[in-house]
Amino acid sequence: MGFGRLCSACILNVLLFFGTAAADELTGEIRGRVSIPSRFQQGLPARMGLNALKVIVDGGAYAALPTADGHFAISGVCPGTHLLQVIHPTLVFEPVYVEAAAKNGVVKMSAHLADFEQGAGAKLKYPLGVAPSNTYTYLEKREEFNIFSIFKSPMALIGLFSFGAMFLLMKVQPMLEEEKERERLRQEAQTGGQSGRSLDD
């Protein structure tokens, strides 16, 4: 009787051990497809399409290269929340949170856009469909010359005001000189007239 109980306890412990080990080793696979719309393909250099990108999970703990048609699969992913990123030299891809949930011996995947301020963003379909949202700008585009941009500079406005004042002064100065000359002649004429009347008297 004691031996039977001992055997039953041993068998139960073995089953629990292997069951726990199997649960610990339970992993899933992240699958999806990367596509590059035509509006982004037009500005890409040669050999900078799908073959230039890489899909990484958790900063590089898992990684995969897409196939020629953009499909990718990353296996061995443990249950939990994982951050998926698509790395490309010139294209910007939004990061994605992938939730791997173990249930009834199966790991099911769900995905949301990663919002680093508020957590999970909009829910995404699974398998994933990933596309770029923007392009990287490494150099700022030089502004085209615009004559009206001169008026936005305070120094230019001060210079224009000074030039205008000098130009106006050059125009007004001769007029002032002429007015002074006429006033001088009028005074001389008046003085001469008064002198003539005095002599007549």
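Buried means under 20% relative accessible area, exposed over 50%, and partly exposed in between, with a 1.4 Å probe and protein chains only. The model is predicted: local features need pLDDT of at least 70, side-chain atom pairs count only at pLDDT 80 or more, and totals for chains, interfaces and linings use all residues. Residues are numbered from 1 along each chain as its sequence is written, and side-chain values use heavy atoms, with hydrogens and water left out.

**Exercise 1. Chain overview**

Task: State how many helices and strands the protein chain has, and give their order.

Solution. 
- Step 1. Helices (H or I, at least four residues) and strands (E, at least two) are DSSP runs, numbered from the N terminus.
- Step 2. The protein chain has three helices and 11 strands.
- Step 3. From the N terminus on, the order is α-β-α-β-β-β-β-β-β-β-β-β-β-α.
- Step 4. Of the 201 residues in the protein chain, 19% are buried.
- Step 5. The protein chain exposes about 15300 Å², and 60% of this comes from carbon and sulfur atoms. Such areas come from the Shrake-Rupley method with a 1.4 Å probe; for residues, only the protein chains shown count as cover.

**Exercise 2. Glu29 and Arg31**

Task: Find what joins the side chains of Glu29 and Arg31, and classify Arg31 as buried, partly exposed or exposed.

Solution. 
- Step 1. A salt bridge is a side-chain nitrogen of Lys or Arg within 4 Å of a carboxyl oxygen of Asp or Glu.
- Step 2. Glu29 and Arg31 meet in a salt bridge, at 3.7 Å from N to O.
- Step 3. Arg31 has a relative accessible area of 37%, so this residue is partly exposed.
- Step 4. Glu29 is partly exposed because its relative accessibility is 35%.
- Step 5. In all, the structure holds five salt bridges.

**Exercise 3. Strands S5, S7 and S8**

Task: Work out how S7 pairs with S5 and with S8.

Solution. 
- Step 1. Two strands pair if DSSP finds at least two bridges between them.
- Step 2. Strand S5 (residues 80–87) and strand S7 (residues 96–103) run antiparallel, joined by five bridges. Gly80 stands opposite Ala100 in S7.
- Step 3. S7 also pairs with strand S8 (residues 106–115), antiparallel, over eight bridges. Tyr97 faces His112 in S8 as its opposite residue.
- Step 4. S7 and S8 form a hairpin with two residues between them. In the turn, Asn104 has a positive phi of about 55 degrees.

**Exercise 4. The three-stranded sheet**

Task: Give the strand order of the open sheet of three strands.

Solution. 
- Step 1. The order is S4-S1-S10, with mixed pairing.
- Step 2. Strand S4 (71–77) and strand S10 (128–130) are the edge strands, each pairing on one side only.
- Step 3. Strand S1 (residues 28–34) runs antiparallel to S4, with six bridges joining them. Gly28 stands opposite Val77 in S4.

**Exercise 5. Val55**

Task: Decide whether Val55 is buried or exposed, and list some of its contacts.

Solution. 
- Step 1. Val55 is in strand S2 (residues 54–57).
- Step 2. Its relative accessibility is 0%, so Val55 counts as buried.
- Step 3. Contact means heavy atoms within 4.5 Å. Leaving aside neighbours within four places in sequence, Val55 has contacts including Val34, Tyr62, Phe72, Ile74 and Leu84.
- Step 4. Val55 and Pro66 are 11 residues apart in sequence and 7.5 Å apart in space, C-alpha to C-alpha.
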